[in-house]
Amino acid sequence: MLQIKRLLLVALLLPSISISQEADIQAGKNLFNTNCAACHQLNRKAVGPALSGVSEKYDKEWLYSWIKNGTQMIKDGDPQAVAIWEEYNRAVMTNYPQFSNEQIDNILAYTDYTPPPPVTTVLDTAQVSSQGSDLSINIILVVSIVIFTILIVMLFLVQRTLLKIANASGVKIEPEPKKRLKPLWKLVIENQFLMFIVVVAFLLSSAYFSYGYLMQIGIDQGYAPIQPIHYSHKIHAGANQIECKYCHSSARVSKHSGIPALNVCMNCHEYIADYNGEEDLENGYTKDFYTKEIKKLYTAVGWDEENQVYTGNTQPVKWVRIHNLPDFVYFNHAQHAQVAKVECQTCHGPVEEMEIMYQYSPLTMGWCIDCHRESNVDKNNEYYQKVHDELSKKYGVEELTVAQLGGIECAKCHY
Amino acid sequence: MEKKNIYWKGFEELNKESEIVKSLEQNEFVEKLPVGNEGENKNHNRRDFLKYAGFSTAAAAVVGCEGPVIKSVPYVVQPEQIIPGIANYYATTIADGYDFSSILVKTKAGRPIFIKGNKDAKSMNCTNARINASVLSMYDVFRLQGPKLSGENISWKNFNSSVKADLSRLLSENKKVVLLTQSFASPTTEKIINNFIQKYSNIQHVVYDAVSNSSALDAFENSYGKRALADYDFSLSNTIISIDADFMNDWQGGNYSSGWSKNRVPNEDNNFTMSYHLQFESNMTLSGANADNRVMARPHQLKQVLQSIYFSLRNQKYNGPSLGSYLDRYVKLAVESIKKSGNKAVVISGLDDVDSQEIVLMINELINSDAFNIKSPKLIFQGSDKDILNTIKELKSGKISGLITAGINPSYTLPNSDEFSQLLNKLEFSLCFSMKEDETAQNSKYIAATPHYLESWGDYEFKSGNYYLSQPTIKPLFDTNQFQDVLLDLIDSQNSFYDEIKNNWRTNILKGKTWGKSLQDGYYYSYDNISLNRIKSNLTFSNSPSSNDDTLDLILYTKTGLGDGQQSSNPWLQEFPDPITRVTWDNYLTISYEDAERLDLKNYNVSNGALNGSYVNLSNENHSLKVPVIIQPGQTPGTVGLSLGYGKTQAMSEEMNVGVNAYRFYDDFKRVHKVKLTKAEGDHEFACIQLHNTMMGRDEIIKETSLKEFVEEDKSVWNPTVMVSKNHIETMVTSKEVDIWREFDRSTGHHFNLSIDLNKCNGCGACVIACHAENNVPVVGKEEVRKSRDMHWIRIDRYYSSQDTIRGDVKAKDETSGYREYRSTQTNLEKASANPQVVFQPVSCMHCNHAPCETVCPVAATSHGREGQNQMAYNRCVGTRYCANNCPYKVRRFNWFQYSENDEFDYNMNNPLGKMAINPDVNVRSRGVMEKCSLCIQMTQKVKLDAKKEGRRVRDGEFKTACSESCDDNAMVFGDINDKESEILRVKDGDRTYRVLESIGTKPNVIYQVKIRNSKKI
């Protein structure tokens, strides 16, 4: 099996290596992304220097030996090597003895390659054609308006002529006597039965609506406040598939899921300074927009992007809290997310699709209790084993629900 | 001629000049009618009330419709150890000059919120009410926020350089400066002070303990050549003879009750024996209340008692004045008991003269007492009365030009404090290290703001070879600097106090153990016992003459709650009921029935039950004070007691400013003084939370027996099953037939029980404060307590016997027959006897399985859990108070007001600082709801969750409540009775188990253990 894989790999790699200059850039890009991108960027300093145009700065032979075994060069006191080592806080670059000179050439070809400026033509014809269609609609409109006006005028004229003819022939046309209809409300007032029906209907509907109004007080389902930093769960949890509990790690152990501290963000964002993912132009979520939001994080955490250091000048982010239970309710994330293994999405909804985070569930007591009545206890957890055995026998069920174990007692959540 | 009858409406009209008549000529009414809010008339009428009520209801409804926007601010860089919602514990040490203990501090989100004893430490690991409450003292709004110079705020840099300049000048002029400090018991601090004195040779260090232990220290020094106190382990003694030593309280630094309690329960392991505790004393103390026999004697007699015991043990004849037959008999009993127990006996004394203390040491040596430990003596107090008196003399004579005080408040605690303050004020140089701008700080030029001990570093040697460390549990709240750090700065050291401690420990103290491990543990024991050589000392057997009849002995004592008074602005401690008198928010003169009657002094209850008491003028040749009186059963006639620690006025809110300052009478640092009493005008209003002092012979609440009966008789004799009448047939209350409820099967899952052992509980009240801290119990203030609206979830009832013993009461009641006899007996039983037996009973919610409160709640706000808790859903409660009315144990507490964020109740919950002590896992209850003990459900839930997270069963001993955790005496055992191996099940199935008011069939989950007394009859 392994051999087949290797063969496949060689088969895939062979053409890319052997084929000419153009293929080099593609192969170089792949190599760069897998090996270098963790510490280097093309046009920006990261852990290591920016690599765009690096082959012009250094001799090619020097680069070969530096990439293959830079540590040795620093040891040997190569002036260029030592200089760069000193510049970057004496951080040693990983050695790549496995690289062949050709592979290094490919990488350098990629770093030297400047993509051609994006083409901004071919729009005119389309614009013209669309203008044309607009024009024809307008013409049709104007023409039809004119036709209809003429028709109306003609009808009036016909009527006048007919009246004249009638007068001339002595036919008297009397205007119809207006029937004095009683207004509806008077009718209702006079009819006791109708009155009763209306009052009852009014009372019932107002009770219905006021009940509905009152019951939604304090329920913030759908609450999606504007946050100080536009943090997109869709990008992080959706596109990048980051586990919820990577950032909300205290959900495993604590009652709070925890808003991640900014140092957690910087685990990745020390290296990811620009947004290069998909854009949502309709809502104005361009790459620039997202990149600006990342810069907001840098300001907050005090990260000097230029020099790749923390300045210590921090501005803690004041997030707007979305999910908020009243003080008299005790809720523990660890009990649900860790012990009961409830998926985060069960209560928080499709977070990985939320560009703006909102409250998915009503978070009402009825909602909690419904779930407690339906969910089963994890009988494989040794803590529950004994009581599960005894109680399930007593109640004559296979699986015990949380409610049967006392999970809807008042003081389980209110103390 | 017309004659007109004139009718007068009243005599006033005859007086033509009358104002009333004049005004009535013009107006219909004499006074302006109160209409609206005209002019200065601010009284609102009924219509206004309705308007306001209507408006505010509408406004509240409208406001309620919109949820507030809540901001959440996470850490920028989250400390590795801190997880929001998970508590961290730090081992540290309290040593505030009065309390000394190794403790564990629970912190949540970086805020210390709860203190418990560090049980891994092998000595000095107990907590008490003051230590438990000390966490709140850190969040005191009256704390200094930075250093001050002549009342102006100043930076630390300028402060230090200014102090340095002053000190250098004084040094060059060779003017004497005294460094007056508390007892630090800290090896590193001692080193720093020595270095400081080396640099500034004009400085003399004097140690001052507000409550002096000087005589005991002098005696030990005379006997063994080291300034220390003997240590005692009461678990090793079968006979404890205490002569005026309140060792269950804070005698010689406390920490003794846990040893005492270990030997108080007869069981198979100790062959059904228990220790015998005989107490001779004048005031009714906590130790006396718990003694098997308590003997009343006046102070001069106590001294004779001690001497008499000493001579008898040496088989010599005692030549002192006669003690009288009553005392003679008990001295004989004491001597017999000591002889019988041999080295298992111990004698201790709190008499504050050197001779008596030396005699105590001699006696314990003579009987070779096991409990008596001089190999590792206590070093916690160092103060010397002589030095202080000398310092004050020098201050008066002008020999001292500068004074540095640290950790003390002499302007409050010295007997001649006013004079001292004036002298301090006039001094050329005065520097006060203080947490608050207290009496002493106000009279000092420099005030150095110091951190609370929970924000500080420190090291201690409480006993020889027993070292302790304290570490900060929170970043300092204010711009404060430790005393030691300032000294280091003054001697131009580059090191911080922390560096010094670490260096000192590494080089001089630690042998084998690492610094990190010691810091984590909070202690280090070198087990190097010191050897002390006996110095021959000449005992003198002086006796003070017996007093005349019109003078009384005033005995100053310290209360369990406030101690020496350094925490007197702590609302928890102010509202803490004294274990003996049950009075809160006050100190008072305790007086015997006999003397009260002679002086026509009274205690009486007013119509709402609150207690009032007469005032007296207390005076001797130097001082006089007007004090209220509490008539105290057990107070020796001819003596009165008054507690220190009250009457502090500065750096605290007006509400806390209660009681009188008894330090005024603390001349020469002697506890006993001759005083005269005269009745004064007026009555004092007390806030006493217990209105009834005796049990009236009811044996369903407190059950007790004698050791002899317990050993020899069957359980049915001393703890019979309660019988109730069904169809005129006596039936056991445990029988199903008499139960009006259907039983719920509780054999699965957890079932919590709390057992309270009346034999071990000494009423110290540490649990009351622990409950305060854990459950956010509000403080309601003196006025509300007076109206019986106290909020404590657990109270410790104290009952006196009316006869000689509590069992005597039961007997007296049982033996009455006929209405007339019954009535007179009942009346007699209401009055506590002159020297009563005392019993303490902690009472919290009983969590009845058949709870009367649950059935009467109209909204089902209180219901029963399958794990045994009687649950209270505050958000459901509408405040009918039916449940409280139907509770036979009276343990439910109603929130009459909003006690948090309400200026009317300006205590800890009304300021942002005090609110930091709130436990985030427990709700802060609002106005109009009932609350009560929840059996610390937040703690049991946490233990369960921890087990679930780890996928294991709960281990025995894991389940705890705040009260059981704080009980050093192990009087409270909590756990799951469905766990077949648990200690609680073993205790519950024991013979001593009974339930309070069992006959009413409530089936409580809080159970009690019958009290056994080892009293000896003479």
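Trainee: What makes strand 3 of chain A and strand 1 of chain B a pair, and in which sense do they run?

Mentor: This is a predicted model. Two strands count as paired if at least two bridges are found between them. Strand 3 of chain A and strand 1 (residues 71-72) of chain B are joined by two bridges, so they qualify as a pair, and they run antiparallel.

Trainee: How many residues does each chain bring to the contact between chain A and chain B?

Mentor: Chain A brings 43 residues and chain B brings 40. On the chain A side, helix 12 (262-269), strand 3 (319-320), helix 14 (333-339) and helix 17 (382-395) each give at least two residues. Helix 17 of chain A has the largest share, with six residues. By residue class, the chain A side holds 20 nonpolar, 14 polar and nine charged residues.

Trainee: Why is A:I259 called partly exposed?

Mentor: A residue is buried with 20 or more other C-beta atoms within 10 Å, and exposed with 12 or fewer. A:I259 has 18, which lies between these cut-offs, and therefore A:I259 is partly exposed.

Trainee: Where is A:I259 found, and which residues does A:I259 touch?

Mentor: A:I259 is found in the loop between helix 11 (244-247) and helix 12 of chain A. Leaving aside residues up to four places away in sequence, A:I259 touches A:W319, B:S72 and B:P74.

Trainee: What separates A:I259 from A:E355, in sequence and in space?

Mentor: They are 96 residues apart in sequence, and their C-alpha atoms are 17 Å apart.

Trainee: What makes strand 27 of chain B mostly covered?

Mentor: In strand 27 (residues 639-644) of chain B, six of the six residues are buried. Each of these therefore has 20 or more other C-beta atoms within 10 Å of its own.

Trainee: Which strands pair with strand 27 of chain B, and in what sense, parallel or antiparallel?

Mentor: Strand 21 (residues 552-558) of chain B pairs with strand 27 of chain B in the parallel sense, over six bridges. Here B:T558 has B:L644 as a bridge partner. Strand 23 (residues 589-591) of chain B is joined to strand 27 of chain B by three bridges, and these two run antiparallel. In that pairing B:I591 is partnered with B:V640.

Trainee: How is chain B divided into domains?

Mentor: The division gives domain 1 (1-65), domain 2 (148-212 + 384-525), domain 3 (214-378), domain 4 (552-688) and domain 5 (704-1013). The centres of domain 3 of chain B and domain 5 of chain B, taken over C-alpha atoms, are 34 Å apart. Their contact takes 15 residues from domain 3 of chain B and 17 residues from domain 5 of chain B. On the domain 3 side, eight residues are nonpolar, four polar and three charged.

Trainee: Which stretches of chain A have a pLDDT below or under 50?

Mentor: Chain A averages a pLDDT of 83, and 88% of the residues score at least 70. Over residues 7-20 of chain A, however, the pLDDT is below 50, and this stretch has five contacts beyond near neighbours in sequence. Over residues 120-131 of chain A the pLDDT stays under 50, with zero contacts beyond four places in sequence. Where pLDDT is low, the predicted coordinates should not be read in detail.

Conventions:
Residues are numbered from 1 along each chain as its sequence is written. Chains are lettered from A and ligands numbered from 1 in the order in which they are written. This is a predicted model: local features need pLDDT of at least 70, side-chain atom pairs count only at pLDDT 80 or more; totals for chains, interfaces and linings use all residues. Domain bounds come from an automatic or database domain assignment. Two residues are in contact if their C-beta atoms, placed from the backbone, lie within 7 Å. Ala, Val, Leu, Ile, Met, Phe, Trp, Tyr, Cys and Pro count as nonpolar, Asp, Glu, Lys and Arg as charged, and the others, Gly among them, as polar. Helices (H or I, at least four residues) and strands (E, at least two) are DSSP runs, numbered from the N terminus. pLDDT is the predictor's confidence in each residue, from 0 to 100.
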